[in-house]
Amino acid sequence: MKKALTTITALLLTLVLHAQIEEPRSILEIGIAGGADFSSMDFQPTVRQNSLLGYNGGLSIRYTSEKYFNMICGAQLEANFAQHGWEEDFDDKTGNSYSHTLNYLEIPFLAHLAFGKEPHGLQFFVNLGPQIGFLLSDSEEYTGTWDASSRPAATRNIYGKKPDNKFDYGILGGVGLELKTKAGNFFVEGRYYYGLGDIFNNSKTDDFGRSAKMTMYARFGYSVRIL
């Protein structure tokens with residue numbers, strides 16, 4: 001899975017940067033976007049979870065370089081704040097709950113491929129590329145009459161455990177619609193992030209062999225052309 005995602009990303013970025021120029025463009029846009037995200041963690045050993053609701057928002061800059069046949073090709077760089085983490089799924093009726101929120105600065109490097117009308121009109125687009133992140137802060141929330149000793153022994157050490165690694169990396173992909181008008185561009189997008197880095201150390205003597213983020217995003221935004 002990791003190799004396949006990395007290969008697809010590399011091919012798309014290569015297409016944007018090195019494809020034969022069919023119809024040259026030189027368009028620079030800046031934008032803002034935000035919305036909700038639903039995250040969980042890929043833990044080994046497994047932790048029963050519900051998706052944790054968070055929010056995200058930030059800035060973007062996009063450069064469109066060419067139209068290759070019917071595909072409008074560009075590259076997009078972003079800086080976003082995003083909340084991730086997990087909420088444990090308790091299988092009892094005690095009323096206990098536990099969630100761990102992770103606040104990140106995320107920087108995606110995306111190939112932007114669009115199809116549709118220009119300069120004004122509706123476009124369908126695909127964003128795909130690598131993303132890096134930096135953990136800014138984290139917090140835990142407990143409710144109910146809490147006793148960690150009653151939890152499964154294999155994952156009991158997760159409670160009160162701080163992330164070991166503040167640097168994160170993975171693959172981000174999204175699809176959306178963008179309406180380009182004289183007053184600016186309005187877009188809606190759904191994204192999925194597959195983390196390749198672990199928040200906890202993963203040696204044979206550590207508690208978890210894998211602890212990577214998996215997140216779905218729903219985003220709305222606005223951009224304007226500056227060049």
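Colleague: Which side chain does Arg25 pair up with through a polar contact?
Modeller: The side chain of Glu118, at 2.5 Å (a polar contact is an N or O pair within 3.5 Å, one able to donate a hydrogen and the other to accept it; residues adjacent in sequence count only if both atoms are side-chain atoms). Mind you, this is a predicted model, with local features needing pLDDT of at least 70 and side-chain atom pairs pLDDT 80 or more, while totals for chains, interfaces and linings use all residues. Numbering runs from 1 along each chain as its sequence is written, and side-chain values use heavy atoms, leaving out hydrogens and water.

Colleague: Where does Arg25 lie?
Modeller: In strand S1 (a DSSP run of E, at least two residues, numbered from the N terminus).

Colleague: And what does Arg25 touch?
Modeller: Leaving aside residues up to four places away in sequence, Arg25 touches Tyr63, Thr64, Ser65, Glu66, Lys67 and Glu118. Touching means heavy atoms within 4.5 Å.

Colleague: New topic: how many residues has the largest nonpolar core?
Modeller: It has 14, and Phe43, Trp86, Leu102, Ile158, Ile199 and Phe200 have the most contacts inside it. Such a core joins buried (under 20% relative accessible area, 1.4 Å probe, protein chains only) Ala, Val, Leu, Ile, Met, Phe, Trp, Tyr and Cys through side-chain atoms within 4.5 Å.

Colleague: What about Leu102's neighbours?
Modeller: Beyond four places in sequence, Leu102 touches residues including Met41, Trp86, Leu135, Pro163 and Ile199.

Technical notes:
Helices (H or I, at least four residues) and strands (E, at least two) are DSSP runs, numbered from the N terminus. Buried means under 20% relative accessible area, exposed over 50%, partly exposed in between (1.4 Å probe, protein chains only).
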